[in-house]
Structure formats: structure tokens, C-alpha cells
Amino acid sequence: MFGSPTRTISSAVTTSISLIPSSQNTLVSNTRSMWTKIQDFDTISRCAHSATGFSHFIVIFGGFDGVRVLSDVILFDLESFAWNRAQVSGTMPRPRYGHSACLYEKNKLIVFGGHDGENTLNSTLVITLNDKQRK
């Protein structure tokens, strides 16, 4: 992120998502340090995405699957070790890969730049994260 802290970025897109953990795909805890395979999630394999820590989640945004540029939001719950798709409201951002992302003010995911498969992007997105569970 760049720019003056006294200026507002007027071209930012604001989106809100709710993080809903799942009770399936749990990992059995081990007392020894070792790798344990977690059940695969039926999502698209990707590269050049962002992975940002928020609350007890890792928030995965965008990326490239080798054919398409993606704009979905995938969550990994660090308590249940389960993968989930985020419920997103608001305007979905343009698909992108190779972007930067960071957490700001405890619940805002700032995404900047990247590439959409044809153009280098110079846009900033603000995704408001909510870790409250819905039933």
C-alpha cells in the first residue's frame, strides 16, 4: 500500500464477507511434531494468490489456476483445520493474481495491484472481514 495517510483513495472498492467455519475436515491433534494430511477441499488449485491471517483464519484471495484468473475468497480455519468458501456480499472484485494483501484495523483486508490476465492492475480493494458465526 502506498500514498499519504491523510488522503483517501477514492477508487477503492469495498466488499464485506462473513467467515463461517465448518465442523468437517478436522485434524486429529498429535503430541509429536509431524506433518499430517488434512482432507482436501474441493477448490481450484491456484498460484500467485494472497494468504492473510485474520482471527483464527487464513484468508486466501484470488490467484491463477493455470487457465483462469480467480477472485474467490477461501478460508482455512486454524481451530478446526477445515476449508470453507466465504460468503461474500457487495461488489465482487475483479479477478487478479500477483497482488499484495495485508490486514488493517483488525478486520479490513487491503488488496492492491496484481494482474488480471491482460492488464497490470493499479486498484485498491477493501474487504471487511467478519468472524462471527452464523447458523
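User: Where does Ser80 lie?
Analyst: In this predicted model, Ser80 lies in the loop that runs between β4 and β5 (82–85).

User: Is Ser80 buried or exposed?
Analyst: Ser80 counts as buried, because its relative accessibility is 16% and the cut-off for buried is under 20%.

User: How far is Ser80 from His56, C-alpha to C-alpha?
Analyst: Their C-alpha atoms are separated by 9.4 Å, and the two residues are 24 residues apart along the chain.

User: And where is the place of His56?
Analyst: His56 is found in the loop between β2 and β3. With a relative accessible area of 17%, His56 is buried.

User: Which residues is His56 in contact with, leaving aside its neighbours within four places in sequence?
Analyst: On that basis, His56 is in contact with Phe76, Asp77, Leu78 and Glu79.

User: Phe76 is on that list. How many aromatic pairs does a search of the whole structure find?
Analyst: The search finds 3 aromatic pairs. One of them joins Phe76 to Phe81 in an edge-to-face arrangement, with 5.9 Å from centre to centre and 65° between the planes. Phe76 also pairs with Trp83; that pair is tilted, at 4.8 Å centre to centre and 50° between the planes.

User: Why is the pair of Phe76 and Trp83 tilted and not edge-to-face?
Analyst: The planes of Phe76 and Trp83 are 50° apart, and edge-to-face requires an angle over 60 degrees, whereas stacked requires one under 30 degrees, so the pair counts as tilted.

User: Which residues do the ring pairs link into a cluster?
Analyst: The cluster consists of Phe76, Phe81 and Trp83.

User: Where is the place of Arg46, and is the residue buried or exposed?
Analyst: Arg46 sits in the loop between β1 (13–18) and β2 (50–54). Arg46 counts as buried because its relative accessibility is 17%, and buried means under 20%.

User: Which residues make up the largest nonpolar core?
Analyst: That core has 12 residues: Phe54, Phe57, Val59, Phe61, Val73, Leu75, Ala86, Leu109, Val111, Leu125, Ile127 and Leu129. Two or more of these residues come from each of β3 (57–64), β4 (69–77), β8 (108–112) and β9 (124–130). In soluble globular proteins, nonpolar side chains tend to be buried together.

User: How many disulfides does the structure hold?
Analyst: The structure holds 0 disulfides. Cys47 is partly exposed, with a relative accessible area of 41%, and Cys102 is partly exposed as well, with 37%.

User: Finally, what is the mean pLDDT of the chain?
Analyst: The chain has a mean pLDDT of 80, and 73% of its residues reach 70 or more. Residues 1–10 have pLDDT below 50, and this stretch has 6 contacts in the model beyond near neighbours in sequence.

User: Over which other residues does pLDDT stay under 50?
Analyst: It stays under 50 over residues 20–26, for which the model has 18 contacts beyond four places in sequence.

Notes:
Residues are numbered from 1 along each chain as its sequence is written. Side-chain values use heavy atoms; hydrogens and water are left out. Helices (H or I, at least four residues) and strands (E, at least two) are DSSP runs, numbered from the N terminus. Buried means under 20% relative accessible area, exposed over 50%, partly exposed in between (1.4 Å probe, protein chains only). A nonpolar core is a set of buried Ala, Val, Leu, Ile, Met, Phe, Trp, Tyr and Cys residues joined through side-chain atoms within 4.5 Å. pLDDT is the predictor's confidence in each residue, from 0 to 100. Contact means heavy atoms within 4.5 Å. Rings of Phe, Tyr and Trp (its six-membered ring) pair if their centres lie within 6.5 Å; planes under 30 degrees apart count as stacked, over 60 as edge-to-face and the rest as tilted. A disulfide is a pair of cysteine sulfur atoms within 2.5 Å.
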